Amino acid sequence: LPTARPDNVRRQLQAAGLTPEEWGGDLICCEVSAQTGAGIDNLLEMLLLQAEMLDLKANPSPRAEGYVVEAQMETGMGPTAHLIVTRGTLRVGDIVVCGCCWGRVKALINARGAKVRQALPSTPVKCMGLSAIPPAGEFFKVYPNERAARQLAEQRAMDQRDAQLAAPARKTSLENL
């Protein structure tokens with residue numbers, strides 16, 4: 001935007017204890033524009049450089065785990081969740097538990113809309129086959145058998161209901177309404 005002030009953002013980062021590289025710190029800052037796409041190549045280059053310098057690697061062998069980015073009910077598909085795998089490999093047929101939701105992965109769809117058989121670490125995918133819509137930010141994990149996954153999800157749902165019932169009732173007034 002014409003009114004954008006990147007130096008103001010750098011000052012706010014400095015106030016939070018994060019010193020940008022331009023000011024003698026170790027925080028890499030890249031100016032990008034979502035509207036025009038300017039600076040995206042530089043951002044990707046800096047991400048690759050940082051990953052190479054830190055020697056970031058993930059183990060694809062263990063059972064998958066990660067986080068729910070967003071979830072919704074889609075017509076014809078049922079509950080779907082956009083997941084990002086942080087560890088392991090998520091495969092079609094795996095049994096997943098996300099908070100109070102569980103299910104067998106029926107299909108995985110990558111960011112380009114193509115069906116895939118597996119999702120490696122750092123891969124975002126749309127997952128179909130969950131029993132309900134999990135909240136965004138929920139941690140998910142693959143379990144070895146369906147019975148254990150179902151029991152864990154049901155126990156979490158009961159604990160959540162008990163916590164809601166045990167919460168003190170708020171008095172409703174005309175101002176609150």
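Modeller: Start with exposure. A residue is buried under 20% relative accessible area, exposed over 50%, and partly exposed in between (1.4 Å probe, protein chains only). Take S122: its relative accessible area is 58%, so S122 is exposed.

Biologist: What kind of model is this?

Modeller: A predicted one: local features need pLDDT of at least 70, side-chain atom pairs count only at pLDDT 80 or more, and totals for chains, interfaces and linings use all residues. Residues are numbered from 1 along each chain as its sequence is written, and side-chain values use heavy atoms, with hydrogens and water left out.

Biologist: Where does S122 lie?

Modeller: First, the elements. Helices (H or I, at least four residues) and strands (E, at least two) are DSSP runs, numbered from the N terminus. S122 sits in the loop between β7 (118-119) and β8.

Biologist: Next, salt bridges. How many does the count come to?

Modeller: A salt bridge puts a side-chain nitrogen of Lys or Arg within 4 Å of a carboxyl oxygen of Asp or Glu. By this rule, there are seven salt bridges. Look at K126 and E74. Their side chains meet in a salt bridge, at 3.1 Å from N to O. K126 belongs to strand β8 (residues 124-130) and E74 to strand β1 (residues 65-74), so this pair ties together parts that are 52 residues apart in sequence.

Biologist: Is K126 buried or exposed?

Modeller: K126 is buried, because its relative accessibility is 15%. E74 has a relative accessible area of 19%, so E74 is buried too.

Biologist: Which residue does R104 meet in a salt bridge?

Modeller: E146. The N to O distance for R104 and E146 is 3.1 Å. This pair also links distant parts of the chain: R104 is in strand β5 (residues 101-109), E146 is in helix α3 (residues 146-166), and they are 42 residues apart. Apply the exposure rule again. R104 counts as partly exposed because its relative accessibility is 40%. At 30% relative accessible area, E146 is partly exposed.

Biologist: Now the surface. Which residues make the nonpolar patch?

Modeller: Rules first. Patch residues have over 30% relative accessible area and no salt bridge; like charges are joined within 9 Å, and nonpolar side chains (Val, Leu, Ile, Met, Phe, Trp, Tyr) within 5 Å. Areas come from the Shrake-Rupley method with a 1.4 Å probe, and for residues only the protein chains shown count as cover. In this model, V32, I40, L43, L44 and L47 make a nonpolar surface patch of about 400 Å².

Biologist: Where is V32 found?

Modeller: In the loop between α1 (6-15) and α2 (40-54). V32 has 44% relative accessibility, so V32 counts as partly exposed.

Biologist: Let us turn to distances. How many Å separate the C-alpha atoms of A15 and D162?

Modeller: A15 and D162 are 147 residues apart along the chain, and their C-alpha atoms are separated by 42 Å. A15 lies in helix α1. A15 is exposed, because its relative accessible area is 71%.

Biologist: What separation do the C-alpha atoms of A148 and L130 have?

Modeller: 15 Å, for two residues 18 apart along the chain. A148 lies in helix α3. At 31% relative accessibility, A148 counts as partly exposed.
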